Structure formats: C-alpha cells, structure tokens
Amino acid sequence: MAQPAKLAVTNQKGGVGKTAVAINLAGALNARGREVLFVDLDPQGNATENLGFRELYDTEPPTLFDVLSEAEQRSEIEDLVEQHEEMDVVPSSIDMTAVEPELTLSRRSGEQLALALDHIEDAYDYVIIDCPPFLGNLMDNALYASRNILIPALAEDTSKRAFELLFDHVDALATDYEISIVERGVVINRIDVRKTQANEMIEWIGNAFDGTPVWQVRERAAIQRALANGASIFVEEPDCDQCSVFEEMAEDLDQQFEFSEVPA
C-alpha cells in the first residue's frame, strides 16, 4: 500500500456521530505510532472546534475555501496545517459554507482536494477526511481523494435509506471518474442496547455488510466529554471502555492498508 492511506469518514445522514468516530479513530492510530493528518471538510467545522481550534473557524483568508476554489492557492494548504498533540489538522472555516457553488464552476470540480493534498500528504501514514453530512461537491472531493470510505451509522431503521443514498452516490462517482472506492468498514455508533430496534439493526447491518468489518461503539458520556476538552478519548478519557473498539478499528485498518509493524 502506497502511503499515505486516505480514508473518508462519511455518511450523508447527519447526527450519526461522524466527527466523534473520525477524531477517535485518528487518536487510536496516533496511539499506534501512526502520523495522522486530519482534514475537516465539513463547513460546520465541528471537528475544528472539537480539536481545540474554534478561533481558526473565523480566521481571515487564505483558508481551506481558497485552497479548494483557487488553483494558484493549492500549495497554501501547507500553511493551514495546525499541530494537535495527536494529529496534524487542516481546519474548516466559515468560508467553506460558500464553497459548493465555487467547486461547481471549477474545471476539475471533484479533484481539488486531491490536488491540494499532493503538497503535504507524503509526511503522513494516514489522511482522515471528516466529510460533510450531504451529497455534493465536497463529498465528491473526499471520495476522489481517498478512494476509501468508513461509514458511521446509527442502529436505527433510517440508516437503511442512508446507506442506499450513499452507495448510489459512491457508485456514480466511481463510474464517472473510472476509479474504485473501497468500503473499509462500518461503525455502528451510539448504540443503546436497551432498545430492541438497535439490536435488530445491528443484525441487519452485519448481514448487509457481510465481508466488511463492522464495529460497535456504545453510547458513552466520556466520548462527548473528550470532544468538549479538545481531544480523543485516548488523551482525555483513557479509561473509557470504548477505547478498545477504536484500537481494534485502527489495528484492522493497519492490516487492510498493509502497515505491517507498529513503531516502537
């Protein structure tokens, strides 16, 4: 596997805890000694805030908006990278709320993120892209750049339709660009085992994604506390019992992407 491994954490359905999954996966990979670049591609900027960079969301240009919308500014992505104790971060900004129509006008609308990442990605083992919760140009950019997806979902019946819409979009983009996009796993998130529907959906997802890793993350207040304090559970809540799930996720992805050794 050529480095870096790039992974879009995506689901067009909002409210599934996508950002929490992305941040804690990045934290687990960091705990395994991997160098991680985290790209907040969501105009809402939740990951930017949850990683302690709230003030950068309102920063003056150039921002990620400029990098994606102006070809001559792509290389400036190097200046956007912020250091976090667990990962490097390319923050989102309020300007990103206006990027969709700009990308529509671009000559290579789905390729802008990949072209920008060319300037910085070689320094990392993993690039984790936190996607917006809608199907559009930003999602296309994440899919084209990464070619790999991790899908957080809730153990609710509405997830069935969300999977259908997502895969219709993924398949269409793969056809248009003549690329392969691989499902690297599904994360059933915020599970409340007291709910009958949750257990039924866990079984349904396991059957629907036979052959694809499916991880189960229980609802835990510790996960939200860690995000509120600007880091993953591996830094802020290391005693949380869900650390083991993200550790398994990171180990499995290392195997999928053929990272054979854990650094000392």
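Two strands pair if DSSP finds at least two bridges between them. Strands here are DSSP runs of E, at least two residues long, and helices are runs of H or I, at least four, all numbered from the N terminus.

Now the model. It is predicted: local features need pLDDT of at least 70, side-chain atom pairs count only at pLDDT 80 or more, and totals for chains, interfaces and linings use all residues. Residues are numbered from 1 along each chain as its sequence is written, and side-chain values use heavy atoms, leaving out hydrogens and water.

β1 (residues 5-9) and β6 (residues 148-154) run parallel, joined by two bridges. Ala8 stands opposite Ile149 in β6.

Next, pockets. On a 1 Å grid over the protein atoms alone, a pocket is an open set of points where a 1.4 Å probe fits, with protein on both sides within 12 Å along at least five of seven lines; lining residues have an atom within 4 Å of a point.

Of its 16 lining residues, Gly17, Lys18, Thr19, Asn46 and Arg190 are closest to the centre. Helix α1 gives the largest share, three residues.
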